[in-house]
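Student: Could you walk me through how to read helix packing and ligand shells in a model?

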Amino acid sequence: MKFLFLPLSLILAVTASGKPLKITLPVETAVYKAGPGAELANAQCMTCHSADYAAMQPPKPRDFWKAEVEKMKGKYGAPYSTNDFDGLIGYFANNYGTDTNVVVMPTIAPAPVANGINAKELAIKSGCFNCHQISSKLIGPAYKDVAAKYRNKSDAMAKVAHQITHGGSGQWGPIPMPPFTQFSPAEVKALGEWILSLK
Ligand code: HEC
Ligand code: HEC
């Protein structure tokens, strides 16, 4: 099984070299099963390790998931708030629980789909959530804060698209974001529009 302490190793890489960073991120394709609460799990439970850690557990009762969610925070310092406990425990008990994990959950994807691109899923698959969360700062700024910064600014899309494709630092702090050169212009636009639409 793969265990990656990605955010930490990235910080070390930055301070050790001091040069422009070239980071090749692992392409993280395994996300948590779709369903109510999956967004929370994808945002909160893939920052330190891959989804395999939970997905490969044999079906477990709710008490097990309650203990895991509490342990990740209490022992390992997971950054989610205690307000998220119920949502996370419910999600894992329903989707990876003793009785229900053979049930195939319907795909619920309320994220905006532009030109056939689901920007949020693309962000999850591309590893954006290793450094970003929707509502709170992680390594990079919260996406809601990015949206607020650019609200009503005409150059918003250009700036955000540039950051995604070229990376950069200095707008939110000294830690650089690596460039993502793999996206088509339509994908960059979809990611940018989704981030800028968050409230
Ligand atoms: C702050 C980092 C961090 C976050 C965030 C995090 N985990 Fe973990 N997780 C760990 C560490 C460290 C281990 C132990 C790894 C090892 O022993 O190799 C672990 C192990 C696990 C295991 C294996 C069983 C165990 O207890 O060792 C499961 C299941 C798991 N995590 C689920 C989750 C779930 C579900 C979430 C979101 C609610 C989550 N993790 C979020 C750090 C984290
Ligand atoms: C390795 C960590 C890391 C990853 C992975 C990452 N970012 Fe960032 N991101 C950052 C940091 C750090 C900043 C703040 C940079 C700065 O201060 O200028 C940032 C800033 C941003 C901004 C704000 C730009 C602005 O003009 O204010 C956007 C938008 C953004 N990231 C989108 C993304 C998207 C989309 C992905 C995935 C394709 C992604 N990021 C992946 C670390 C990361």
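Predicted model: local features only at pLDDT ≥ 70, side-chain atom pairs only at ≥ 80, totals over all residues.

Tutor: Residues are numbered from 1 along each chain as its sequence is written, while chains are lettered from A and ligands numbered from 1 in the order in which they are written.

Student: At what angle do α7 and α9 pack?

Tutor: Two packed helices are described by the angle between their axes and the distance between the axes. Here α7 (residues 143-150) and α9 (residues 185-197) pack at about 85°, with axes 7 Å apart. They are therefore roughly perpendicular to each other (65 to 115 degrees). Axes are lines fitted to C-alpha atoms, for helices over the stretch in contact, and angles run from 0 to 180 degrees between N-to-C directions. Helices are DSSP runs (H or I, at least four residues), numbered from the N terminus.

Student: Which residues of α7 and α9 meet?

Tutor: Tyr143, Val146, Ala147 and Tyr150 in α7 meet Ile195, Leu196 and Ser197 in α9; contact requires C-beta atoms, placed from the backbone, within 7 Å.

Student: Which residues of α8 are buried?

Tutor: An α-helix has 3.6 residues a turn, so residues three or four places apart point the same way. In α8, the buried residues are Val160, Gln163 and Ile164 (buried: 20 or more other C-beta atoms within 10 Å of its own; exposed: 12 or fewer; partly exposed: in between). They cover an arc of only 95° around the axis, which puts them on the same side of α8; the arc is that of the directions from the helix axis to the C-beta atoms. Ala158 and His166 are exposed on the other side, and the cover over the buried residues includes α7 and α9.

Student: Where is asparagine 152 found?

Tutor: Asparagine 152 sits in the loop between α7 and α8. Its phi is positive, about 65°, although it is not a glycine. Asparagine 152 counts as exposed because it has 5 C-beta neighbours inside 10 Å.

Student: Which residues come nearest to ligand 1 and to ligand 2?

Tutor: Being near means a C-beta atom, placed from the backbone, within 6 Å. Of 18 residues around ligand 1, Cys45, Cys48, Met72, Tyr76 and Ala78 come nearest, and α4 gives the largest share of that shell, four residues. Of 30 around ligand 2, Cys128, Cys131, Gly140, Gln171 and Met177 come nearest, and α8 gives the most, with four residues.

Key
Helix = DSSP H or I, 4+ residues; strand = E, 2+ residues; numbered from the N terminus. Parallel < 35°, antiparallel > 145°, perpendicular 65-115°, else oblique. Contact = placed C-beta atoms within 7 Å.
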